[in-house]
Amino acid sequence: MILSRNFEDINSTYDFCEGIITNICWNENLTDLLLTVYYFFDSPIGLKDKDIRIRFKNCSAVTFNCTNMLAAMKQYGIVTPHPEIDHIVSQKFESCIRVIVSTNYDPSMVSLLCDEIWLELIDK
């Protein structure tokens, strides 16, 4: 179910801070980057402890930086890392949206350019 198609809702209506990134993948056409977040807050009501997918539509550039996460896994013997979102910065830039996803492992774990951002509730 689509919750929002407005990229500005990420930091106003929805608070992804401390949400755990549980999956990062591409859609079947390799055009949309899908980031699944375990959502902790009950605002908006009814979303606490649910999985929310952030769909970055029509990505033209994506950079992953997992260096610090991999180093922590090796150093501390972490088998399954749980990157927590510190914040998501999104801003309109010419004809696209520039996004930086910061986590407890790296201040720019995911950086990308996309056309739109959709928030979707994953029904199980």
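**Why these labels? A predicted model**

Visitor: Where does Glu-18 lie?
Guide: Glu-18 sits in the loop between helix H1 (9-12) and strand E2 (20-26). The model is predicted.

Visitor: Why is Glu-18 called partly exposed?
Guide: Its relative accessible area is 46%. Buried means under 20% and exposed over 50%. Glu-18 falls in between, so it is partly exposed.

Visitor: What gathers with Glu-18 in a patch on the surface?
Guide: Asp-15, Glu-84 and Asp-86 do, and the patch is one of negative charge.

Visitor: What makes Asp-32 and Arg-55 a salt bridge?
Guide: Their side chains meet at 3.3 Å, N to O. The cut-off is within 4 Å, so the pair qualifies. Asp-32 is in the loop between E2 and strand E3 (33-39) and Arg-55 in strand E4 (residues 50-57), so the bridge ties together parts 23 residues apart in sequence.

Visitor: Which other residue forms a salt bridge with Asp-32?
Guide: Lys-57, with the closest N and O atoms 3.3 Å apart. Lys-57 is in strand E4, so this pair ties together parts 25 residues apart in sequence.

Visitor: How do you know whether Asp-32 and Lys-57 are buried or exposed?
Guide: Asp-32 has 3% relative accessibility. Lys-57 has 16%. Buried means under 20%, so both count as buried.

Visitor: What links Arg-55 and Glu-120?
Guide: A salt bridge at 2.7 Å, N to O. Arg-55 is in strand E4 and Glu-120 in strand E9 (residues 116-121), 65 residues apart. Salt bridges with shared partners join Asp-32, Arg-53, Arg-55, Lys-57 and Glu-120 into one network.

Note on methods:
Residues are numbered from 1 along each chain as its sequence is written. This is a predicted model: local features need pLDDT of at least 70, side-chain atom pairs count only at pLDDT 80 or more; totals for chains, interfaces and linings use all residues. Side-chain values use heavy atoms; hydrogens and water are left out. Patches are made of residues with over 30% relative accessible area and no salt bridge: like charges are joined within 9 Å, nonpolar side chains (Val, Leu, Ile, Met, Phe, Trp, Tyr) within 5 Å. Accessible areas come from the Shrake-Rupley method with a 1.4 Å probe; for residues, only the protein chains shown count as cover. Lys and Arg count as positive and Asp and Glu as negative; His and the chain ends are not counted. The place of a charge is taken as NZ of Lys, CZ of Arg, CG of Asp or CD of Glu. Helices (H or I, at least four residues) and strands (E, at least two) are DSSP runs, numbered from the N terminus. Buried means under 20% relative accessible area, exposed over 50%, partly exposed in between (1.4 Å probe, protein chains only).
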